[in-house]
Amino acid sequence: MNTSVVICVYTEDRWEDIRQAVESVENQTRPAHELILVVDHNPELHLKLKRAYPQAVVVENTHDKGLSGGKNTGVATAGGEIVAFLDDDAVADPGWLEALEEGFQEPGVVGVGGRTEPIWASGRRPGWFPYEFDWTVGCTYRGMPAVRAPIRNVMGGNAAFLRDAVSEVGGFHSGIGRSVQGRKSRPLGCEETEFCIRLSQRKPGSVMLFEPRALIGHKVSAQRERFGYFRSRCYAEGLSKALVTREVGTQDGLSSERAHAMKTLPLGALRGLGEALRGDLGGLGRAFAIVIGLAWTTWGYVVGSARLKVARS
């Protein structure tokens with residue numbers, strides 16, 4: 001099988017990040033079939049990238065503005081049997097692509113997601129930041145499998161899918177995620193969650209696989225290290241989950257979240273309190289952040305569900 005790697009980009013402000021992401025793809029132990037850069041409605045950036053990377057396929061997003069539209073454009077452009085997605089502010093480990101491709105050797109696998117580690121702008125993890133909420137900065141979080149295992153959905157910035165499977169179910173929905181309100185408003189997400197669930201519902205027996213050997217580093221800006229962003233991201237996740245459950249139903253749409261909230265988060269809060277009692281005051285901050293994060297995510301879901309109910313009436 002061969003793999004087309006897609007990186008969706010939208011601003012020149014990330015030029016150095018894009019350069020490092022592209023370089024990491026070009027340095028893979030198993031070369032990609034092609035590298036596709038999808039530019040989100042930014043003609044100047046499109047022209048600049050075409051000049052800088054003649055070895056890549058540089059195309060403009062021909063779908064709705066936003067990440068979902070960019071991914072759909074990448075899938076439509078791709079010539080590989082597998083389409084892998086890498087965030088424009090991420091750096092892939094040299095064995096990333098090889099590990100993703102190997103995951104498709106297992107029966108029924110249509111999607112493979114890798115492990116994403118944070119690269120903190122400050123150089124160190126904030127002491128109050130709970131590992132259980134690393135998803136707020138687009139990274140693998142405590143509660144996910146430690147070894148290769150089937151999961152409900154992969155994380156979109158480090159994932160690969162069979163190209164034909166993506167096309168069969170209509171691609172990524174533009175009504176979910178950052179394409180809804182723009183990139184400078186609430187940090188909505190979950191487009192890959194809805195897609196994975198929809199794919200599994202429409203193609204029974206399909207398997208989403210977590211492969212921790214498919215490793216990338218994801219840059220976390222200084223702004224995203226702040227508690228204010230953490231709280232806002234949790235609230236936005238709740239809003240996004242309301243949109244997801246509207247599309248795929250509550251049972252499938254919240255199955256993983258229920259397990260995380262009922263088991264992983266209480267254990268995390270207790271762990272933080274125990275660490276605080278042993279002299280690590282950051283543990284108290286982590287326990288507090290877990291409580292606030294869960295509360296704000298739940299509130300976002302309640303508000304989002306209410307808004308959808310009003311809109312339907």
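## Salt bridges

A salt bridge is counted here when a side-chain nitrogen of Lys or Arg lies within 4 Å of a carboxyl oxygen of Asp or Glu. This is a predicted model, in which local features need pLDDT of at least 70 and side-chain atom pairs count only at pLDDT 80 or more, while totals for chains, interfaces and linings use all residues. Residues are numbered from 1 along each chain as its sequence is written, and side-chain values use heavy atoms, with hydrogens and water left out.

By this rule the structure has 26 salt bridges. One of them joins Glu117 to Arg115, with the closest N and O atoms 2.8 Å apart. Another salt bridge links Arg163 with Asp164, where the closest N and O atoms are 3.7 Å apart, and Arg163 is partly exposed with a relative accessible area of 23%.

## A pair within a helix

Helices (H or I, at least four residues) and strands (E, at least two) are DSSP runs numbered from the N terminus. In helix H7, which spans residues 227-248, Glu237 and Arg233 lie four residues apart, about one turn of the helix. These two residues form a salt bridge whose closest N and O atoms are 2.9 Å apart, and both Glu237 and Arg233 are buried. Elsewhere, salt bridges that share partners join Glu102, Glu106, Arg148, Glu211 and Arg213 into one network.

## Cysteines

A disulfide is a pair of cysteine sulfur atoms within 2.5 Å, and the structure holds zero of them. Cys190 is in no disulfide, since the nearest cysteine sulfur, that of Cys196, is 11 Å away; Cys190 is buried, with a relative accessible area of 3%.

Cys234 counts as buried, at 0% relative accessibility.

## Annotated region

An unreviewed UniProt entry carries the annotation "domain: Glycosyltransferase 2-like" for residues 4-169. UniProt positions are given in the numbering used here, feature names are shortened, and annotations may be inferred rather than shown by experiment. Over residues 4-169 the chain is 28% helix and 27% strand, and the end C-alpha atoms are 19 Å apart.

Key:
Buried < 20%, exposed > 50% of the residue type's maximum accessible area, 1.4 Å probe, protein only.
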